[in-house]
Amino acid sequence: MRKIEAIINPFKLDEVKEALNEVGIQGLTVTEAKGFGRQKGHTELYRGAEYVVDFIPKIKIEIIVKDDMVAKVIETISEAARTGRIGDGKIFVSPVEEVIRIRTGETGEDAL
């Protein structure tokens with residue numbers, strides 16, 4: 001099993017969620033996040049004063065999938081979240097040792 005974490009633009013969340021649903025992903029966790037990469041933030045003007053916005057709003061999606069679904073999920077997220085501009089985000093993949101469904105006590109892939 002693998003944990004896929006994707007950092008994407010907030011306006012792409014619905015497109016990514018719908019695309020994942022189409023490939024059979026039934027559950028995911030979404031968290032509002034702030035951060036920056038190569039964008040390094042930007043400046044904004046508010047009431048005549050210029051100020052720097054260091055952290056840019058992002059969305060973090062977390063999904064646990066079976067090993068055979070990893071490539072499909074990565075491809076799906078990449079295609080749905082891509083705008084072609086800087087700041088589209090990143091995808092991280094990590095191994096997952098164990099999953100336990102609290103309600104039933106199921107473990108491993110059965111708990112997904």
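## Burial and surface

The protein chain exposes about 7800 Å², of which carbon and sulfur atoms supply 49%; accessible areas come from the Shrake-Rupley method with a 1.4 Å probe, and for residues only the protein chains shown count as cover.

This is a predicted model, in which local features need pLDDT of at least 70 and side-chain atom pairs count only at pLDDT 80 or more, while totals for chains, interfaces and linings use all residues. Residues are numbered from 1 along each chain as its sequence is written, and side-chain values use heavy atoms, with hydrogens and water left out.

## Overall fold and dimensions

The protein chain contains two helices and six strands, where helices (H or I, at least four residues) and strands (E, at least two) are DSSP runs numbered from the N terminus. Their order from the N terminus is β-α-β-β-β-β-α-β. The radius of gyration, taken over C-alpha atoms, is 17 Å, well over the 13 Å that the globule rule gives for 112 residues, so the protein chain is more spread out than a compact globule. The globule rule is 2.2 Å times the number of residues to the power 0.38. Along its principal axes, the C-alpha trace spans about 60 × 25 × 20 Å.

Contact means heavy atoms within 4.5 Å. Of the contacts with a separation of 6 or more, 71% are between residues 24 or more positions apart.

## Pairing of strand β1

Two strands pair if DSSP finds at least two bridges between them. Strand β1 (residues 2-8) pairs with strand β5 (residues 56-65) in the antiparallel sense over seven bridges; here Glu 5 stands opposite Glu 62. Strand β1 also runs antiparallel to strand β6 (residues 89-95), to which seven bridges join it. The bridge partner of Lys 3 in β6 is Ser 94.

In a regular strand, the side chains alternate between the two faces of the sheet.

## Ile 59 in strand β5

Ile 59 is found in strand β5 and counts as buried because its relative accessibility is 8%. Leaving aside neighbours within four places in sequence, Ile 59 is in contact with several residues, including Ala 6, Ile 7, Ile 8, Leu 13 and Val 30. The C-alpha atoms of Ile 59 and Arg 85, which are 26 residues apart along the chain, are separated by 16 Å.

Key: Buried means under 20% relative accessible area, exposed over 50%, partly exposed in between (1.4 Å probe, protein chains only).
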